[in-house]
Amino acid sequence: MIDKLKIAFLFGIFMMFFSVNTSAQLKKGQLVDGIAAVIGDEIVLESDVEEQLNYAKQQGAGETNRCEFLESLLNNKLLVVQAKKDTLIENRSAMIKEQANAKYNQLVSQFPDEKTMLAAYKFRNQYEMKNAIEKIDTDQYYGQAKYQRITEKADVTPNEVTDFYNQFKTQLPQIKDEVSLSQIFMYPKLTEKHKEELIARLKKIKADIQGGESFDSQARIYSEDKGSAATGGLMKNVFKGQMVKPFEAAALNLQEGEISDPVESEFGYHIIQLVKKSGKAYDARHILLMATPTEEEITMAKTKLDSIRGLIQSGKITFKEASFKFSDDKRTKFNAGVIPGADGSNKIERESIPGTITYELAGLKKGDITTAFDDKDERDRVVVKIVKIEDDIAAHQITLETDYDRIKQLALNRRRNEMVEKYVNEKIPTTFVSIDGRYNCEFKSNWKKASISK
């Protein structure tokens, strides 16, 4: 049997109960298959169990027991069932439905047409696919909400952290080489001449459309929005608040069929055509020319960042102050520029650092700051940045002295696990449960006793 503590360390206790939801996504060419279990009016699919087994293997789990993964999915579904009965959990069905529509349209924009997309995901029509997306998001929302309600008062004392460590220290894995990093990054500013060139190009495209060219064909030729160019710039069922503010303000101020003047956003410059407006949603086409900086503009940004680096090194300003004042990264500028790790802490495994940053960090030690270099953000936009090594932690076995916060989190996860298991066991007797006969499992909770034979 897989050791529960090891699973908690690999995935986090939250993933144990919500892995089907937090990792669930529609995958091309993958059909849902048979039903493994029914809990209340919720179902667990065979494909859900298989997905969790594969995820565990990808994360390095040496031993995988199908029954244990099924039980974690059963626990999750029971929480969803109970959450829907909980009057203190907000009913967000309308919002989730809107989000499902938006996600559907986003997927459509990545294909030549809707028919191709439905075939790729093996759905017969948009109704089936939207329902699948809505179901995933609904389960995720209700499962998380109920989990938080059950565990909101969970806490551990320092003595309990110590007891937890003494009991399980031989099972805790070794920590790999880690670093704590802070960054300041900037988007290179376009020169006025460069901006005017982009605006002039868009004005020419607009004039050509007004002279008889179709917006669809011009978008396919000129738009640099990879998501919508293939569909002639068309974005359907866009809900208010979904797009960046300059885009939305321009689109909603148009009459149907009207084309805007060039509009600047954080992505570049657009011309927008309002196709249709209906209630809270609208359809629009756009042509985007991205604000891709030239080598000269990148060099100017590097020069500015290197001068800021000089001020930090001379003690005229701290890295924290410089991050708050100069960084364009909204995620880190208010947190002294600290880059969060995968587990939410400020520690990052060295082997997981992107190659561009690894190269710049080569030969540096704790307290050192890189010179300015160019990189890409999560949306593939060019940025320039400097990175500081706040701490450098060699590989080691977990100890209370070096990893108290990490051990405390593990102990807290275990406490939450116990609280949820207790809740599940209390609710199983009053919940309809049917588990497929192929799962001849010895569950930790009383699922087998509650199950109706099939």
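Which side chain does that of Lys146 meet in a polar contact of 3.5 Å? Before I answer, please keep in mind that what we have on the screen is a predicted model. The partner is Tyr423, whose side chain is joined to that of Lys146 by this polar contact.

Let me stay with Lys146 for a moment, since its surroundings can be described in some detail. Lys146 is found in helix α7, which covers residues 126-151, and with a relative accessible area of 8% the residue is buried, because that value falls under 20%. Leaving aside residues up to four places away in sequence, Lys146 touches Leu79, Gln82, Ala83, Asp86, Ile89 and, once again, Tyr423.

I turn now to the disulfide, and a search of the whole structure finds one. Cys67 is joined to Cys441, with a distance of 1.9 Å from S to S, and the torsion about that bond is about -75 degrees, so the disulfide is left-handed. Because Cys67 lies in helix α4 (residues 66-85) and Cys441 in the loop between β13 (433-435) and α16 (447-450), the pair ties together parts that are 374 residues apart in sequence. Both Cys67 and Cys441 are buried.

Finally, a word on Ser352, which is found in the loop between β9 (348-349) and α14 (355-361). Ser352 has a relative accessible area of 47% and is therefore partly exposed, since this value lies between 20% and 50%. A polar atom of the Ser352 side chain lies 2.7 Å from the backbone oxygen of Glu349, while Ala342, 10 residues from Ser352 in sequence, is 9.4 Å away from Ser352 in space, taken C-alpha to C-alpha.

How values were computed:
Residues numbered from 1 in each chain as written. Predicted model: local features only at pLDDT ≥ 70, side-chain atom pairs only at ≥ 80, totals over all residues. Heavy atoms only, no water. Disulfide = S-S within 2.5 Å. Helix = DSSP H or I, 4+ residues; strand = E, 2+ residues; numbered from the N terminus. Buried < 20%, exposed > 50% of the residue type's maximum accessible area, 1.4 Å probe, protein only. Polar contact = N/O pair within 3.5 Å; in protein donor to acceptor, adjacent residues only side chain to side chain. Contact = heavy atoms within 4.5 Å.
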